[in-house]
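Hello,

I am passing on a structure for you to look through. Please open it first, and then read my notes alongside it.

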Amino acid sequence: MSKRNELVPPPLKNDCFSLPADTHWTPVSEALALLKERLQVCVGTETVPLYQALGRVLAEDVLALRSNPPQPNSAVDGYGLCHAEIKEGPQTVPLVDGRSAAGEPFEGALPEGHAVRILTGATVPEGVDTVILQEDVTTDGQAIAFHGPLKRGSNTRKAGEDVAKGGAILAQGRRITPADLALAAATGVSELPVFKRLRVAVVSTGDELAEPGSTARPDQIFDANRPMLLAMIAQFGFEPIDMGRAPDDREGLKGFLDKAANNSDMILTSGGASAGDEDHMSALLNETGSMTLWRLAIKPGRPLALGMWHGTPVFGLPGNPVAAKVCTLIFAKPAMDVMGGAGWHDPVGLRVPAAFAKSKKAGRREYLRARLRDGRAEVFASEGSGRISGLSWAEGLVELPDEAMQIQGGTEVLYYPYSAFGL
């Protein structure tokens, strides 16, 4: 595969997150539709060796450079014959000297009226079009005896029956798996065109935060969001960039954002995303003229500050870890996929019976920390957004629709395992 010049996509528009006039509470479906419509790939491309491609996103379709299998071969251990010479009923056929084994093909063509010993994966010699299983044969080493007839082509694989040379094997936007590496290698591909990894910077904000492991004041809490978000980004297959903790100081936060914008393709912040006195993130984005405070009809979450900082999109997540995780999974993850070249992916959920009861009001979509046990969805005992232990307890989310809903044990609900989001 030849080296290609790096392609650099155009920057995002400064108003890509703007909402229609008079929007108050934005339904989740509308927010996702806006992101899908307005975001685009923002990373360049490169070519990497096969052994470095795991988890990367393909920048273009990949074609087979060689057929698989490259030659006709045997699917079993047995004996190769010419079908036209096989009779009905019991018969004896002399064996030629030699054999065909994987990596050691039989030299020359099979003489008329003879059979040849052949092993699984071995190239089918010229003159052979049918292989009989060794279990269906008796032999003294000089000849074989068996019952006919046999079906023409039995126990053989045609050249290219899996993949033909020049055929598309992997599609643009696909995230490379170990199985994909096997397919690429089998068809002669040694390097792959991929998008550069999306770099996602993470900034925590707030004077109330202390670094885990440090001595925290009584009025402080340890920063739980940053390690969680950095780990999530890495699991998504992107490059996490730790920008540390910013103080509740506008000029100080500005410096953090400047540095993050210079070193990343996307910025995730947590805290300061609403409209309070100490919500400096929202204030700074307002100064750029790109700030949109998405008041989302979602629980947990609600305020999500979106904007551009020196051309870099910023997702201002809620400071609460539960809301920060949910908003990252529901909104930031699909945005990362698009910007990183993987395209938009809706998570695939499961319809399962509930193992809980709840009366849900209309007006917003709800996400409950949940897990499956005996095929039923359990939810965490408390819906309180401050219960971080529920994030660790859960193995996924139950999504409840915007409409009112009465849930009893056995009611069908939609469950998304964390794996549906790439975790």
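Predicted model: local features only at pLDDT ≥ 70, side-chain atom pairs only at ≥ 80, totals over all residues.

Residues are numbered from 1 along each chain as its sequence is written, and side-chain values use heavy atoms, with hydrogens and water left out.

Leu-253, Leu-257, Ala-260 and Ala-261 of helix 4 are buried (buried means under 20% relative accessible area, exposed over 50%, partly exposed in between, with a 1.4 Å probe and protein chains only). These four cover an arc of only 95 degrees around the axis, which puts them on the same side of helix 4; the arc is that of the directions from the helix axis to the C-beta atoms. Glu-251, Lys-259 and Asn-262, on the other side of helix 4, are exposed.

Six strands form an open sheet with mixed pairing, in the order 7-4-6-5-9-8 (two strands pair if DSSP finds at least two bridges between them). Strand 7 (130-133) and strand 8 (138-139) are at the edges with a single partner strand each, so one side of each has no neighbour in the sheet. Strand 5 (residues 89-100) and strand 6 (residues 115-118) run parallel and are joined by three bridges. In this pair of strands, Ser-100 stands opposite Ile-118.

Now for some backbone details. Most residues other than glycine have a negative phi, and most peptide bonds are trans. Which peptide bond is cis, with omega near -5 degrees? The one from Lys-299 to Pro-300. Another cis bond joins Asn-68 and Pro-69, with omega about -10 degrees, and Pro-69 is in the loop between strand 2 (62-63) and strand 3 (73-74).

Asn-155 has a positive phi, near 60 degrees, and counts as partly exposed at 28% relative accessibility. His-310 has a positive phi near 50 degrees, and is exposed at 59%.

Enjoy exploring!

Terms used
Helix = DSSP H or I, 4+ residues; strand = E, 2+ residues; numbered from the N terminus.
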